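Please look through the sequence and the model below. The paragraphs that follow begin at a single residue and then widen to the whole chain.

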Amino acid sequence: MKLHFEIITPEKVVYKDEIDQITLPTADGEITILPGHIPLIAPTKPGEIALKKDGISRHIAVMSGFVETSENKVRLMADAAELAEEIDTRRAEEAKKRAEEAKANAKDQFEFSDATAAMERAITRIKIAKRKSRHHSETM
């Protein structure tokens with residue numbers, strides 16, 4: 001039995017396929033969803049999605065959103081999501097540096113919070129891109 005899984009952002013459907021399992025970050029902690037999972041709606045937080053299909057793992061960077069499960073269907077609606085192979089590490093590193101500067105120069109709590117969120121997004125993207133690089137070098 002498989003899960004029908006899709007990630008939807010305001011811009012596009014990022015991923016859609018039949019998978020064996022998915023692990024993702026929710027506001028209450030990391031959860032793994034397998035076929036037969038109980039119906040659920042939960043807020044997600046920025047982090048890494050790990051999914052498995054036929055013994056092969058894939059990793060996806062995801063920002064805040066909501067996950068919904070019912071009848072072996074999992075739909076993740078996120079502000080943004082990026083497959084590991086699509087992440088530009090150089091751009092993510094540059095975004096992290098800009099966020100660090102913005103945090104250091106924040107004039108109020110709102111600017112500081114925005115910079116902190118931007119840094120979290122950049123760090124997530126870098127982590128997943130590095131995982132992709134390690135996996136690629138291990139399979140060569």
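Glu82 lies in strand 10, where strands are DSSP runs of E with at least two residues and helices are runs of H or I with at least four, both numbered from the N terminus. With a relative accessible area of 17%, Glu82 is buried; buried stands for under 20% relative accessible area, exposed for over 50%, and partly exposed for what is in between, using a 1.4 Å probe and protein chains only. Once its neighbours within four places in sequence are set aside, Glu82 is in contact, that is, has heavy atoms within 4.5 Å, with Ile60, Ala61, Ile87 and Arg125.

This is a predicted model, in which local features need pLDDT of at least 70 and side-chain atom pairs count only at pLDDT 80 or more, while totals for chains, interfaces and linings use all residues. Residues are numbered from 1 along each chain as its sequence is written, and side-chain values use heavy atoms, with hydrogens and water left out.

Ile60, one of the contacts of Glu82, itself touches, beyond its neighbours within four places in sequence, a list of residues including Ile7, Tyr15, Ile49, Leu51, Leu83 and Ile128. Ile60 is also among the residues that touch the most other members of the largest nonpolar core, which has 20 residues, together with Phe5, Ile7, Tyr15, Ile22 and Ile49. Such a core is a set of buried Ala, Val, Leu, Ile, Met, Phe, Trp, Tyr and Cys residues joined through side-chain atoms within 4.5 Å. Among the elements that give two or more residues to this core are strand 1 (3-8), strand 7 (56-62) and strand 10 (81-83). A second, separate core has five residues, including Ala61, Ala84, Ile128 and Ala129.

Most residues other than glycine have a negative phi. Asp54, however, has a positive phi near 50°; Asp54 sits in the loop between strand 6 and strand 7 and is exposed, with a relative accessible area of 54%. Asn72, in the loop between strand 8 (65-70) and strand 9, likewise is not a glycine and has a positive phi of about 60°.

Seen as a whole, the protein has two helices and ten strands, in the order β-β-β-β-β-β-β-β-β-β-α-α along the sequence. Its radius of gyration is 16 Å, close to the 14 Å that the globule rule gives for 140 residues, so the protein is as compact as a globular protein of that length; the radius is taken over C-alpha atoms, and the rule is 2.2 Å times the number of residues to the power 0.38. Of the 140 residues, 34% count as buried.
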